[in-house]
Amino acid sequence: TALGFGMDPDLQIDIITELDLVNTTLGVTQVSGLHNASKAFLFQDIEREIHAAPHVSEKLIQLFRNRSEFTFLATLQQKASTSGVILSIRELEHSYFELESSGLRDEIRYHYRFNGKSRTEVFPYRLADGQWHKIAVSLSATHLLLHVDCNRIYERIIDPPETNLTPESNLWLGQRNRKHGFFKGIIQDVKVIFIPNGYIMQCPNLNRTCPTCSDFLSLVQGIMDLQELLAKMTAKLNYAETRLSQLEDCHCEKTCQVNGLIYRDKDSWVEDDHCRNCTCKSGVVECRRMSCPPLNCPPDALPVHVESQCCRICKAKCIFGGKVLAEGQRVLTKGCRECRNGVLVKVTETCPPLNCSEKDHVLPENQCCSVCRGHNFCAEGHRCGENSECKNWNTKATCECKNGYLSVQGDSAYCEDIDECAAKMHYCHANTVCVNLPGSYRCDCVKGYVRVDDFSCT
């Protein structure tokens, strides 16, 4: 295939062939791949050492020497939600080229060196999903291209990577070194190619300049569909202009409808359920959580939530056997007792029968009646704000903030938006401006620049 594209075979290195992987190699097993044209190997979740022999490393060092253009290609199927290194060319702890896929954070990371210092480019993308993918990373001086499944995903300008590898450099496949970065899944067609735009070897149609007959027919059909859509839109526009002419003498006020109630523009109200002050602004509801004053409870009291009140209040605490109990919490001794106004009061409630064996009985925190293992505490009405979620644990339920939100005054039942832009917790690159959004952010291009991807402009 390489010769068919007029490529010099001396300008590429087939990693799997050079490593001479066989079924006797510890940690890998030959399996069926995406296709049968080349060998595919399953990299298992055990300790292994898959690295190049000295003569292969020497060949790689010579190919990289004084090269500013090269492409790494691979076809892989990574086990879902796992993290691992696909390929690493390194000297001891320094990576000259390393491609890592994190299924924990859904990122592809490219590690390299510039002026003797380690650099990392992070590309938000989910590669570890158990599906087959073709990946190509192309470098041309400072120009970096990332293709996944023949689609250009990211294009960036980076510092020029160092390519003059030291004689001690070695190549590792499916791991970073002997102990770290183990890749879990199947790898096939791993190559490094030293020509411009080497991704064409993986996706030859990307280099096509002239349309085929099929492309032309699709284009004609697309134009016909657009003409039909234009005719329908013209009819709708004429109808809308007629209606607007009838409404020119009317004054329209945008209102807000909440839970069946209609509020006029600039009306304000209180949402007791979420403890928020809300206002109708031009048809859009804007709400902010009520601010609670800081609580400085005396030594004999603790802050607690009270029914029908948004802010916590100080209530007297109880001490039993060295354990501190807040208002409403219970302790099981010879009988059940509950902390009320600083005094442990006997509770005479009868525990309901349980439909599980005794070994599956679990005593919830600060309660007297056991429940069955796996009990849904959230279903009992555990109160969490709109930006937090109820999480079940073995003996209790807790509130946790959603992604992009932070607890208010240390209380995860109520969470507020994190300003990723102000906190510099974003991926926006040069020539962009970070804009904060509820629970997220976006990268807008600076005036005079056009978008390359979601995080970069040129």
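In the predicted model, Cys 401 and Cys 415 form a disulfide in which the sulfur atoms lie 2.1 Å apart. The torsion of -85° about the S-S bond makes the link of Cys 401 and Cys 415 left-handed. Because Cys 401 belongs to strand 29 and Cys 415 to strand 31 (residues 411-417), the pair ties together parts of the chain that are 14 residues apart in sequence. The two cysteines also have their own accessibility values: Cys 401 is partly exposed, with a relative accessible area of 23%, whereas Cys 415 is buried, with a relative accessible area of 10%.

Strand 29 (residues 397-401) also holds Cys 399, which forms a disulfide with Cys 384 at a sulfur-sulfur distance of 2.0 Å. The link of Cys 384 and Cys 399 is left-handed, with -90° about the S-S bond. Since Cys 384 is located in the loop between strand 27 (371-372) and strand 28 (388-392), this pair ties together parts that are 15 residues apart in sequence. Cys 399 counts as buried because its relative accessibility of 12% falls under the 20% limit.

A further disulfide joins Cys 297 and Cys 314, with the sulfur atoms 2.1 Å apart. The torsion about the S-S bond of this pair is about -90°, so the disulfide is left-handed. The pair links distant parts of the chain, with Cys 297 in the loop between strand 18 and strand 19 (301-304) and Cys 314 in strand 20 (residues 313-316), 17 residues apart. Both cysteines count as partly exposed, Cys 297 at 23% relative accessibility and Cys 314 at 30%. In total, the count of disulfides comes to 14.

The antiparallel pairing of strand 16 with strand 17 (residues 276-281) extends over 4 bridges, and Arg 276 in strand 17 is the bridge partner of Glu 271.

Helix 2 is followed by Asn 66, which has a positive phi near 60°.

Gly 33 is situated in the loop between strand 2 (28-31) and strand 3 (40-43) and counts as partly exposed, at 23% relative accessibility. With residues up to four places away in sequence left out of account, Gly 33 touches Ala 40, Trp 132 and Gln 188. The C-alpha atom of Gly 33 is separated by 20 Å from that of Pro 204, a residue 171 positions apart from it along the chain.

For residues 417-456, the unreviewed UniProt entry lists "domain: EGF-like". In the model, this span is 0% helix and 42% strand, and its end C-alpha atoms lie 24 Å apart.

Definitions and conventions:
Residues numbered from 1 in each chain as written. Predicted model: local features only at pLDDT ≥ 70, side-chain atom pairs only at ≥ 80, totals over all residues. Heavy atoms only, no water. UniProt positions renumbered as here; feature names shortened; annotations may be inferred. Helix = DSSP H or I, 4+ residues; strand = E, 2+ residues; numbered from the N terminus. Buried < 20%, exposed > 50% of the residue type's maximum accessible area, 1.4 Å probe, protein only. Contact = heavy atoms within 4.5 Å. Pairing = 2+ DSSP bridges. Disulfide = S-S within 2.5 Å.
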